[in-house]
Amino acid sequence: MVTTAAAGADLIEAVPGDPARVREVATSWLETSHTVGEALESTATRATPSWEGLSARAFAARATAVGSGLGQVAERMRFGADVLNGYAAFLQLAQAEVEALRAQARCLHAVGGAGALPEMATLVRARADVMT
C-alpha cells in the first residue's frame, strides 16, 4: 500500500530539460553570428575597387542591403544566444531546487510516514511555485 507521504514524494518530479544542451545551442548561435559578422567584414573589404559605373553602384546598393539584413540576422542570433543562456541558468536552478524538494520529501516519508502529510502538502505547493 502506498502512503500519502510516498505519493507526495512521487508528485515532485524532475524538471525536464538539459541545461548543458541549451548552452550548446546558444554557443552554436553565437559562433554562427560571429561567422556572419566576419563574412560581412570580409566582403566589404574585398569589393572590387576598380569596378565603376552604373552596374558597380547598383551592386554596391544591393550588397549594402544584403549586408544590413545579414547584420540584423547576426544581431538576433546573439540576442537569442543570450536568452538561451539565461534560460539554461534558470533551468539548472529549477532542477536543483526541485531535487532538494524531492530529497526533503524522501526524508519526510522515511521519518514521518503518513504523519508527514502536512509537510508533504507544503513541499508539493513549493514544487508548484518553482515550476511557475
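The chain holds four helices and zero strands. The model is predicted. Read from the N terminus, the elements run α-α-α-α.

Start with the chain as a whole. Of its 132 residues, 21% count as buried. The exposed surface comes to about 9000 Å². Carbon and sulfur atoms supply 62% of that area. Now turn to the contacts. Among those with a separation of 6 or more, 88% join residues 24 or more positions apart.

Next, the charged side chains. A search of the whole structure finds two salt bridges.

One of them pairs E24 with R21. Their closest N and O atoms are 3.1 Å apart. Both residues lie in helix α2, which spans residues 19-45. They sit three residues apart, about one turn of the helix. E24 is partly exposed, with a relative accessible area of 46%. R21 is also partly exposed, with a relative accessible area of 46%.

The other salt bridge links E99 and R102. Here the closest N and O atoms are 3.5 Å apart. This pair belongs to helix α3, residues 54-112. E99 and R102 are three residues apart in that helix, so about one helical turn separates them. How accessible is each partner? E99 has a relative accessible area of 37% and is partly exposed. R102 has a relative accessibility of 25%. Buried means under 20%, so R102 counts as partly exposed.

Definitions and conventions
Residues are numbered from 1 along each chain as its sequence is written. This is a predicted model: local features need pLDDT of at least 70, side-chain atom pairs count only at pLDDT 80 or more; totals for chains, interfaces and linings use all residues. Side-chain values use heavy atoms; hydrogens and water are left out. Helices (H or I, at least four residues) and strands (E, at least two) are DSSP runs, numbered from the N terminus. Buried means under 20% relative accessible area, exposed over 50%, partly exposed in between (1.4 Å probe, protein chains only). Contact means heavy atoms within 4.5 Å. Accessible areas come from the Shrake-Rupley method with a 1.4 Å probe; for residues, only the protein chains shown count as cover. A salt bridge is a side-chain nitrogen of Lys or Arg within 4 Å of a carboxyl oxygen of Asp or Glu.
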